[in-house]
Every structure is written in structure tokens, then in C-alpha cells.
Amino acid sequence: MHTRSIFFVGTICAFLTACSEPPDRDPRAVREGQRIYANECAACHGGGMEPGNAAASPTYVVAPDLTLLKRRNDGYFPREFVSRFVMGQLEKDDPASPMPDFSAQGLRNVYPHGGADGEVLETDFENLLDYLETIQR
Ligand code: HEC
């Protein structure tokens with residue numbers, strides 16, 4: 001897709017997200033998302049409650065605290081942004097930062113033996129976003 005249309009679609013989605021209250025999250029989905037977070041994200045972004053761990057990142061770009069996404073975004077969780085960023089569809093502030101492109105590498109710590117062909121499964125990813133939404137403060 002053309003870069004400009006990606007931006008346009010992203011803007012529409014962000015607008016829709018802003019207008020809708022987050023639905024109640026299924027506790028099982030959230031627990032599953034927490035497991036994925038612990039395996040794939042916590043090493044750099046912290047345990048989910050504390051700030052990121054600069055030492056874990058080879059270039060010492062501090063990984064942002066993911067519990068502050070909502071606060072930093074006018075009070076709503078930027079689900080669409082997070083989704084796109086994690087899937088490598090958005091430009092990083094620092095192109096050399098170690099934030100992985102999960103659409104390319106898959107959830108390799110969750111599926112170390114290549115389960116699900118190493119791909120990021122839609123459900124896994126929705127669970128992860130549900131979990132991230134619940135840890136916003
Ligand atoms: C190897 C370290 C590392 C891992 C693993 C990692 N990240 Fe990151 N992440 C970073 C760094 C560093 C940045 C800052 C990148 C930048 O802006 O250039 C970042 C940025 C982000 C951002 C953008 C936040 C903002 O406010 O701009 C999101 C969202 C994010 N990561 C989510 C995740 C999720 C979800 C996972 C797990 C699926 C994950 N990251 C795994 C290092 C990591």
C-alpha cells in the first residue's frame with residue numbers, strides 16, 4: 001500500500017478508536033496477552049509496570065514505558081498505532097533502535113520451535129493488545 005494511504009487509514013482508525021469506549025476484555029485473552037508480553041516485550045519494555053530497560057537494548061535507546069501510551073495520547077489507548085508500530089508498518093523515531101518488526105520475526109519466544117509457522121497470529125496479537133490496554137495508568 002502507498003505510504004500516504006496507510007497514513008490516511010491509520011488516521012480514520014485512530015478517530016474511530018477515540019470515539020468508542022474500550023469494551024470489557026475477556027480475562028483469558030488478557031492473561032494470554034500477558035504471557036506474550038512477558039516473552040516478547042518485557043526484556044526491553046519492563047515487566048509491564050515499570051519503565052523500560054535501557055540496558056537490554058544494544059544501542060541504549062530507552063524502550064518507552066508502555067503503561068503510559070494512553071496518558072501520552074489524550075486519554076485513549078492508541079490500539080491502531082501500537083498494532084502498526086509492532087508490525088513494522090510505521091517509521092521509528094530512531095531507525096537504528098532495536099524495536100523488532102514482529103511481522104518479520106514472528107513471536108519467536110512464544111513459539112521457539114516454529115509453532116504456527118513462526119507467524120504472528122491474529123488472535124495472539126489481539127490478546128497482546130488487550131493486555132496492553134489493561135495496564136494503562
Ligand atoms: C529489543 C528491545 C525491544 C523489544 C523486544 C520490544 N521493543 Fe518496543 N521498543 C523498543 C525501543 C528501543 C523503542 C523506541 C523505538 C523508537 O521510537 O525509535 C520501542 C518502541 C515501542 C513502541 C512505540 C512507543 C511510543 O510511545 O512511541 C511500542 C508501541 C512498542 N515498542 C511495543 C512493543 C511490544 C508490544 C513489544 C512486544 C511484542 C515490543 N515493543 C518489543 C525496544 C523493544
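**Entry 1: overview**

I am working from a predicted model. I looked up the secondary structure and found six helices and zero strands in the chain. Read from the N terminus, the order of elements is α-α-α-α-α-α. The chain has 137 residues, and 33% of them count as buried.

**Entry 2: aromatic pairs**

How many aromatic pairs does the structure hold? I found two. Tyr 37 and Tyr 131 make a tilted pair, with 5.6 Å centre to centre and 55° between the planes. This pair links distant parts of the chain. Tyr 37 sits in helix H2 (residues 27-40) and Tyr 131 in helix H6 (residues 122-134), 94 residues apart. Tyr 37 has a relative accessible area of 2%, so the residue is buried. Tyr 131 is buried as well, because its relative accessible area is 5% and the cut-off for buried is under 20%.

Phe 81 and Phe 85 form the other pair, with ring centres 5.5 Å apart. An α-helix has 3.6 residues a turn, so residues three or four places apart point the same way.

Are Phe 81 and Phe 85 buried or partly exposed? Phe 81 is at 40% relative accessibility, so I note it as partly exposed. Phe 85 is at 21%, so it also counts as partly exposed; the cut-off for buried is under 20%.

**Entry 3: H2 against H6**

I looked up how H2 and H6 pack. The angle is about 95° and the axes are 7 Å apart. The two helices are therefore roughly perpendicular to each other. On the H2 side, the contact residues include Gly 33, Ile 36 and Tyr 37. On the H6 side, they include Asn 127, Leu 128 and Tyr 131. By class, the contact of H2 with H6 has seven nonpolar, four polar and three charged residues.

I picked out Leu 128 in helix H6. Its relative accessible area is 5%, so Leu 128 is buried. What does Leu 128 touch, leaving aside neighbours within four places in sequence? Its contacts are Gly 33, Ile 36, Tyr 37 and Cys 41. I also took the C-alpha distance from Leu 128 to Ser 83. The two are 45 residues apart in sequence and 9.5 Å apart in space.

**Entry 4: H4 against H6**

The axes of H4 and H6 come within 11 Å and cross at roughly 130°. This pair of helices is therefore oblique. The crossing of H4 past H6 is right-handed. Arg 79, Val 82, Ser 83 and Val 86 are the H4 residues in this contact. From H6, they meet Phe 125, Glu 126, Leu 129, Asp 130, Leu 132 and Glu 133. The class count for this contact is five nonpolar, one polar and four charged.

Which residues of H4 are buried? I list Arg 79, Val 82, Ser 83, Arg 84 and Val 86.

**Entry 5: around the ends of H4**

I looked for positive phi values. Asp 74 has one of about 55°, although it is not a glycine. Asp 74 is placed in the loop between helix H3 (42-45) and H4. At 77% relative accessibility, Asp 74 counts as exposed. Just after H4, Gly 88 takes a positive phi of about 70°.

Last, I looked up Asp 101, in the loop between H4 and helix H5 (102-105). Is Asp 101 buried or partly exposed? Its relative accessible area is 32%, so Asp 101 is partly exposed. Not counting residues up to four places away in sequence, Asp 101 touches Val 86, Met 87 and Gly 88. From Asp 101 to Gln 89, the C-alpha distance is 8.3 Å, and they are twelve residues apart in sequence.

Notes. Residues are numbered from 1 along each chain as its sequence is written. This is a predicted model: local features need pLDDT of at least 70, side-chain atom pairs count only at pLDDT 80 or more; totals for chains, interfaces and linings use all residues. Side-chain values use heavy atoms; hydrogens and water are left out. Rings of Phe, Tyr and Trp (its six-membered ring) pair if their centres lie within 6.5 Å; planes under 30 degrees apart count as stacked, over 60 as edge-to-face and the rest as tilted. Helices (H or I, at least four residues) and strands (E, at least two) are DSSP runs, numbered from the N terminus. Buried means under 20% relative accessible area, exposed over 50%, partly exposed in between (1.4 Å probe, protein chains only). Axes are lines fitted to C-alpha atoms, for helices over the stretch in contact, and angles run from 0 to 180 degrees between N-to-C directions. Angles under 35 degrees count as roughly parallel, over 145 as roughly antiparallel, 65 to 115 as roughly perpendicular and the rest as oblique. Contact means heavy atoms within 4.5 Å. Ala, Val, Leu, Ile, Met, Phe, Trp, Tyr, Cys and Pro count as nonpolar, Asp, Glu, Lys and Arg as charged, and the others, Gly among them, as polar. A crossing is left-handed if the near helix is turned anticlockwise from the far one by less than a right angle, and right-handed if clockwise.
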